[in-house]
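Opening my notebook on this one.

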Amino acid sequence: MSSGAMAWSVKREVWENRSIYLAPVIVGALIAITSIPATVMGLNSPVSRFSSHIEIAGGAVMGTTLIVAIFYCLDALYGERRDRSILFWKSMPVSDSEAVLSKMFVPMAILPVVTFAVTVATQFIMLLLTSAILSMKGEAVTPLWNLPWPQMSSGLLYHLVVVHSLYYAPIFGWLLLVSAWAKRLPFLWAFLPPAAIGIIEKFVFNSTHFGNMLGSLISGGMDGSPKKGSLMMLWPAHPFEFLGRPGFWIGWLFAATCLTAAILLRRGRDPI
Amino acid sequence: MVIDARGIRKAFGSTVALDGVDLQVDEGRIVGLIGPNGAGKTTALNAILGLTPYQGQLTVLGRDPWTSRSRLMHDVAYIADVAVLPRWIRVSQLLDFAGGVHPRFDRAKAEGFLAKTAIRRNARVRELSKGMVAQLHLALVMAIDARLLVLDEPTLGLDILFRKQFYDSLLNDYFDGSRTILVTTHQVEEIQDILTDVVFINHGRIVFRSSMEEFESRYLELVVPPDRVAAARALRPLHERQVLGRSILLIENGDRQQLAALGEVRKPSLAELFVAVMESKGATP
């Protein structure tokens, strides 16, 4: 595997999928702008209101990139077969493993980094705008600046790395597998089987283990984190406890299996 | 030997696409692989390019294409079809990417070829005409210092000017006698003069192969007026057709002197032989 081929393959994914950065930047910018009317109308003081506005910004950017990640993965190995460009990509000395892993790298690394950078920038702009308007209104701005910014940002980074990247790896792996396999309607193939398994389990066994498992996967197993609404909510009490959970490693095993299958499928799949 | 295929078989379900293909191609040859639709041309090329698994023995430049496609692509360039360049990509990005991943890609050379066209560096592929996309793809593969170039219907759907230009620049700017080119096309007449070898494929089998030299010395085309047709037919032509009241016959191993007495002797056309071979052998799979 060559690092050059990987780096260029990742770069070309970003060229093709401009929504990777455009979507979060647009959402971040829109929310940052709302802090102007919000502050003028007095909705951003006291500081607790401002901090929930900040949280909404973080959540909105994170939600946006998660949607981008889902659509990106579903199209990554499907679109190139549909438009036959896979025939061009395969004429370049880039192996199928390099191609598939570079596509996995986007939701696992590029999107979390973009989310972090855009969120921090958005929050900083909100801090500046809100401070400016509050001081024009003659209100105190020090409480805003005294918020635990380093802890909030590092908590966000932790959450993005552990949950949105490491915990979601099996989800991205599954979506890439469906994308490499489906001849049409990858979206349906990605979401129907899990839904069907949950429903059948409920009817046959009257249990919800599969649904619970998916729920805990999506929540990133962050049940032990401080209570919701706290600025420190993204920092769990035991940050590395997840490494000791079998579920986490089973998820990675599943992700690795999906990626291997996706690589093998891409190797022999004809354009659609 | 650049390509060495022995007994290549490939089936899709119950449809046999390749039924024991043997093909040997030496360095410096320009080989035309010609066959009707569904004959197995593309499947054969896909096997050679490592795009599809197969049964049988196949080495390309000494490697197994299926297990080492990405390594093989250092030495093999191909245009699999018209319009497979990603439509979203910019010309400059395409050059950046090729330069980044391909150790034998010469960017300056590609820029040189593009300078002769109207293609703008910042244009996206989807903004280019079909002919320009083919020019772009050709510029890209000609800038790769490959030992084998594979072209599958590279000019399909292009107008005659582009098609002519395409093959002209392939011969003048790319081919240097040490490279090898394998090309498939429906427009047999257009490539007849650039080929060194020709291979006909039908029903997944090689049904005819010859060097062009051998082809031209072995076959002749005889144009005879109606009153001499009977005499000409006695020579057992492989194929016969009527054009404007005269008969055009394809004769194998004919004697030039004897034929000249009957009518006009011409260089044989590949298209004519192709039709003759397909009609005789094509009916029985």
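This is a predicted model: local features need pLDDT of at least 70, side-chain atom pairs count only at pLDDT 80 or more; totals for chains, interfaces and linings use all residues.

Looked up how helix α3 (residues 47-76) of chain A sits against helix α6 (residues 96-136) of chain A: the two pack at an angle of about 155°, and their axes are 9 Å apart.

Parallel or antiparallel? Angles over 145 degrees count as roughly antiparallel, so α3(A) and α6(A) are roughly antiparallel to each other. I also checked the handedness, and α3(A) passes α6(A) in a right-handed crossing. Sorting the residues of the contact of α3(A) with α6(A) by class, I get 16 nonpolar, eight polar and one charged.

Next, I stepped back to the whole of chain A. I find twelve helices and zero strands there. For overall dimensions, I noted that the C-alpha atoms of chain A fill a box of roughly 70 × 50 × 30 Å along the principal axes. Chain A has 272 residues, and 39% of them count as buried. I then took the contacts in chain A between residues at least 6 apart in sequence: 82% of these join residues at least 24 apart.

Last entry, the partner chain. How many residues of chain A are in contact with chain B? I have 18 residues of chain A in contact with 24 residues of chain B. On the chain A side, the elements giving two or more residues are α1 (3-16) and α5 (86-89). The largest share, six residues, comes from α1(A).

Key: Residues are numbered from 1 along each chain as its sequence is written. Chains are lettered from A and ligands numbered from 1 in the order in which they are written. Two residues are in contact if their C-beta atoms, placed from the backbone, lie within 7 Å. Helices (H or I, at least four residues) and strands (E, at least two) are DSSP runs, numbered from the N terminus. A residue is buried if 20 or more other C-beta atoms lie within 10 Å of its own, exposed if 12 or fewer, and partly exposed in between; C-beta atoms are placed from the backbone. Axes are lines fitted to C-alpha atoms, for helices over the stretch in contact, and angles run from 0 to 180 degrees between N-to-C directions. Angles under 35 degrees count as roughly parallel, over 145 as roughly antiparallel, 65 to 115 as roughly perpendicular and the rest as oblique. A crossing is left-handed if the near helix is turned anticlockwise from the far one by less than a right angle, and right-handed if clockwise. Ala, Val, Leu, Ile, Met, Phe, Trp, Tyr, Cys and Pro count as nonpolar, Asp, Glu, Lys and Arg as charged, and the others, Gly among them, as polar.
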